[in-house]
Amino acid sequence: MLEKANSVNKALEDAVSLRDPLKIHESMRYSLLAGGKRVRPMLCIAACELVGGDESTAMPAACAVEMIHTMSLMHDDLPCMDNDDLRRGKPTNHKIYGEDVAVLAGDALLAFSFEHIAIATKGVSSERIVRVIGELAKCIGSEGLVAGQVVDICSEGMTEVGLDHLEFIHLHKTAALLEGSVVLGAILGGANDEEVEKLRKFARNIGLLFQVVDDILDVTKSSQELGKTAGKDLVADKTTYPKLLGIEKSRDFAEKLNREAQEQLVGFDSVRAAPLIALANYIAYRDN
């Protein structure tokens, strides 16, 4: 993970350089290069390598999903959304650059993510690149990440939010981009349709797993341990898995999702599948 994170960080540093207008690029780099676990880029690269592709083939798409993830965090932290002051242990982007620049920097990262895939991906057919761009657009648009965000916002303060409703939010808000990361890597690596769908199921499970673990951490860890504000879901009266199921049943659900995710990797080369299994376990057992 450290080796891949270093490769991703270098690629991100090179992709978004300091140029005019300086302020917007400084804001983009402030959030993009502020650390983070780089789980999405790693999933993209690991899925590509699983089906016989190379890290270099997946790297532009891996950077793109991290740019989009960063954009979503920058916008999520804004006063009109979650109104947060802390992200990855540092002041949020709008606290440093102002709300106007934070919005525009997020927009710029979103636009550049697609440009980067289109221009920087080498050795892949144009047909697969077009498929990748379509897949990515769908997983972050009004049927993906945005759908999850808007239903989440509209659900605050609702007294009757069931498991199905909560699952819709998180399958779209969190799992969609994790799913996209894996599917992009698989397509770029040359996977056939059956392999892509197996990996899509794997990713959907770990995407939901990611959110269940996040909900548990929010009520069991401090802000210092998390690098972001702890307990904010409780304050906002958001429905979470611990709120609906309790901590222990939430942990059981996390175990089930991890198990079902890893079952999708049966039949793939076990050595090449090892990084994806390790990433699933990392998501399940992380503590921040």
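Biologist: How far is the sulfur of Cys-139 from the closest cysteine sulfur, and in which residue does that one sit?

Modeller: This is a predicted model, so side-chain atom pairs count only at pLDDT 80 or more. A disulfide needs two cysteine sulfur atoms within 2.5 Å. The gap at Cys-139 is too far for a bond. The closest sulfur is 11 Å away, in Cys-44.

Biologist: How many disulfides does the structure hold?

Modeller: A disulfide is a covalent bond between the sulfur atoms of two cysteines. The count for this structure is 0. Cys-63 is in no disulfide either, and its nearest cysteine sulfur, that of Cys-44, is 9.2 Å away. So the number of disulfides, with a cut-off of 2.5 Å, is 0.

Biologist: Are Cys-63 and Cys-139 buried or exposed?

Modeller: Buried means under 20% relative accessible area. Cys-63 has 0%. Cys-139 has 9%. Cys-63 is therefore buried, and Cys-139 is likewise buried.

Biologist: What radius of gyration does the protein chain have?

Modeller: The chain has 288 residues, and a compact globule of that length would be near 19 Å. The C-alpha atoms fill a box of roughly 50 × 50 × 30 Å along the principal axes. The chain's radius agrees with the globule value, at 18 Å.

Biologist: What share of the 288 residues is buried?

Modeller: The protein chain contains 16 helices and 2 strands. Among contacts between residues at least 6 apart in sequence, 73% join residues at least 24 apart. The buried share of residues is 51%.

Biologist: Which residues does Asp-77 contact, leaving aside neighbours within four places in sequence?

Modeller: Asp-77 sits in the loop between α4 and β1. Its relative accessible area is 2%, so Asp-77 is buried. Its contacts are Asn-83, Asp-84, Arg-87, Thr-92 and His-94.

Biologist: What is the omega of the peptide bond from Asp-20 to Pro-21?

Modeller: Most residues other than glycine have a negative phi, and most peptide bonds are trans. Pro-21 lies in the loop between α1 and α2. The bond from Asp-20 to Pro-21 is cis, with omega near -10 degrees.

Biologist: What is the phi of Arg-38?

Modeller: Arg-38 is in the loop between α2 and α3. At 2% relative accessible area, Arg-38 is buried. Its phi is positive, though Arg-38 is not a glycine. The value is near 60 degrees.

Biologist: How far apart in space are Asn-288 and Arg-88, C-alpha to C-alpha?

Modeller: Asn-288 is in the segment after α16, and Arg-88 is in the loop between β1 and β2. Asn-288 counts as partly exposed at 33%, and Arg-88 counts as partly exposed at 23%. They are 200 residues apart in sequence. In space, the distance is 9.9 Å.

Biologist: How far apart do the centres of the positive and negative side chains lie?

Modeller: The chain carries 32 positive side chains and 44 negative ones.

Notes
Residues numbered from 1 in each chain as written. Predicted model: local features only at pLDDT ≥ 70, side-chain atom pairs only at ≥ 80, totals over all residues. Heavy atoms only, no water. Buried < 20%, exposed > 50% of the residue type's maximum accessible area, 1.4 Å probe, protein only. Helix = DSSP H or I, 4+ residues; strand = E, 2+ residues; numbered from the N terminus. Rg over C-alpha atoms; globule rule 2.2 N^0.38 Å. Contact = heavy atoms within 4.5 Å. Lys, Arg positive; Asp, Glu negative; His and termini not counted. Charge placed at Lys NZ, Arg CZ, Asp CG, Glu CD.
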